[in-house]
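Here is a short walk through one protein chain. It begins at a single pairing and widens from there to the whole chain.

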Amino acid sequence: MDGFRVTYTVECAQSLAELSPERRALIDRGLAVLARNPYHKATAPIGTHEDNRKAQVAPGVLIEYVIAHAVMVVVVLTVFDDGLYLLADDELGSGGDN
């Protein structure tokens, strides 16, 4: 067996479909690595159950997934957009009191 089969909730599949082809390809590559070892040291359990996990699979992309019977189900897909911050660019680096 080459790895776990990856599947998505309906919501995650829809979110993935709305991303640019480049971002989707990056996520697919990260998930392919993760599918070979969903318990990789770069992942972390969610709560007390080892089969509920989270991982950052690509820059700015966090997933939460469940492992069951050789299937890895992505249940949460969070994509952080570098252009959407509450603070303006000039405020990010200030660090001082103004």
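In this predicted model, Gln56 has Leu62 of strand β4 as its bridge partner. Strand β3, residues 49–58, and β4 pair in the antiparallel sense over 6 bridges. The two form a hairpin with 2 residues between them. In that turn, Gly60 has a positive phi of about 75 degrees.

On its other pairing, β4 joins strand β5, residues 71–79, in the antiparallel sense over 8 bridges. One of the partners here is Val74 in β5, which bridges to Tyr65. The hairpin of β4 and β5 also has 2 residues between the strands, and His69 takes a positive phi near 50 degrees there.

Strand β4 itself spans residues 61–68. Which of its residues lie on the covered face? They are Val61, Ile63, Tyr65 and Ile67. The uncovered face carries Leu62, Glu64, Val66 and Ala68. In a regular strand, side chains alternate between the two faces of the sheet.

Now the chain as a whole. Its secondary structure comes to 3 helices and 5 strands, in the order β-α-α-β-β-β-β-α along the sequence. The chain has 98 residues, and 23% of them count as buried. Among contacts between residues at least 6 apart in sequence, 43% join residues at least 24 apart. The accessible surface comes to about 6,800 Å², and carbon and sulfur atoms account for 54% of that surface.

Definitions and conventions. Residues numbered from 1 in each chain as written. Predicted model: local features only at pLDDT ≥ 70, side-chain atom pairs only at ≥ 80, totals over all residues. Heavy atoms only, no water. Helix = DSSP H or I, 4+ residues; strand = E, 2+ residues; numbered from the N terminus. Buried < 20%, exposed > 50% of the residue type's maximum accessible area, 1.4 Å probe, protein only. Contact = heavy atoms within 4.5 Å. Areas by Shrake-Rupley, 256 points an atom, 1.4 Å probe, with all protein chains shown as cover. Pairing = 2+ DSSP bridges.
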